[in-house]
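Subject: Model handover

Hello,

Here is the structure you asked for. Please load it first, then read my notes below.

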Amino acid sequence: MIKVLVVDDHPVVRGGLVGWLAAQPDLEVVGEAADGLEALAAVAEHAPDVVLMDLRMPRMDGVAATGRIAATHPGVRVLVLTTYDTDSDIVRAVESGATGYLLKDTPLPQLAQAVRAAARGETVLAPPVAARLVSRMRAPAAEAPTARELEVLAGVARGSTNAEIGRELFIGEATVKTHLLRVFAKLGVDDRTRAVMVAVERGLLPPPGA
């Protein structure tokens, strides 16, 4: 029997996953948790083979919990199951020690197969996630924005005008525009809104409200 721990902050989603997995003859759901902190306690208590881990949860998110589990329980496999497929989410999860990364639109039979594969130590990636990782590896390394350029972009993210950003950073408005044009080129975008979105996706800026 493969022992599984289900971690998700949405009770309905968690309940559906528990019901489906428990119905499989070779899978045993040994516990469930609503956030990363509960997941750590449940791993220590139940010693699961596989943790099915949501990413964005209160108190402690899935990436932080995955890192802690990988450090303290290296034999436990963490399989991320989330609705988010941005580059920054994928890379952070994999770097933290996740065995696999699936999206919540994965058909349930494939999910059960993925749990079995993860228990064997195999890497499991949803096709869109695998494609993103391959593209990221093949793409030439883009020049990263400088600290000053990110300061300017952070001002844009706060809704400041070029003039306001200039006063805050003690630079001229023309210099602000120059920094923004350079950021646009480095991020491959052509407007302020898209620049902020891409910077957040890549982990260069914190998400709004963070």
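Start with Ala65: at 0% relative accessibility, Ala65 counts as buried. Buried here means under 20% relative accessible area, exposed means over 50%, and partly exposed is in between (1.4 Å probe, protein chains only). Ala65 sits in helix H3. Helices (H or I, at least four residues) and strands (E, at least two) are DSSP runs, numbered from the N terminus. Leaving aside neighbours within four places in sequence, Ala65 is in contact with Gly36, Leu40, Met53 and Met60. Contact means heavy atoms within 4.5 Å. Met53 is twelve residues from Ala65 along the chain, and their C-alpha atoms are separated by 8.7 Å.

Some ground rules. This is a predicted model, in which local features need pLDDT of at least 70 and side-chain atom pairs count only at pLDDT 80 or more, while totals for chains, interfaces and linings use all residues. Residues are numbered from 1 along each chain as its sequence is written, and side-chain values use heavy atoms, with hydrogens and water left out.

Confidence and overall picture

pLDDT is the predictor's confidence in each residue, from 0 to 100. The protein averages 89, and 94% of the residues score at least 70. Confidence is highest in strand E1 (residues 2-7), at a mean of 98. It is lowest in helix H6 (residues 127-138), at 72.

The protein has ten helices and six strands. Its C-alpha trace spans about 65 × 35 × 30 Å along the principal axes. Of the 210 residues, 43% count as buried. Take the contacts between residues at least 6 apart in sequence: 62% of them join residues at least 24 apart.

Asp54

Where is Asp54 found? It is in the loop between strand E3 (50-53) and helix H3 (62-72). Asp54 is buried, with a relative accessible area of 4%. Neighbours within four places aside, Asp54 is in contact with Val7, Asp8, Asp9, Gly62, Leu81, Thr82 and Lys104. UniProt lists Asp54 for "modified residue: 4-aspartylphosphate", in an unreviewed entry. UniProt positions are given in the numbering used here, feature names are shortened, and annotations may be inferred rather than shown by experiment.

Helices H8 and H9

The axes of helix H8 (residues 162-169) and helix H9 (residues 173-187) come within 8 Å and cross at roughly 105 degrees. Axes are lines fitted to C-alpha atoms, for helices over the stretch in contact, and angles run from 0 to 180 degrees between N-to-C directions. H8 and H9 are therefore roughly perpendicular to each other, a label that covers 65 to 115 degrees. On the H8 side, Asn162, Ala163, Ile165 and Gly166 make the contact. On the H9 side, Glu173, Val176, Lys177 and Leu180 do.

Backbone points to check

Most residues other than glycine have a negative phi. Two residues here are worth a look.

Phe170 has a positive phi of about 60 degrees although it is not a glycine. Phe170 lies in the loop between H8 and H9. Is Phe170 buried or exposed? At 78% relative accessibility, Phe170 counts as exposed.

Ala47 also has a positive phi, near 50 degrees. Ala47 lies in the loop between helix H2 (36-46) and E3. With a relative accessible area of 43%, Ala47 is partly exposed.

Best regards

How values were computed:
Parallel < 35°, antiparallel > 145°, perpendicular 65-115°, else oblique.
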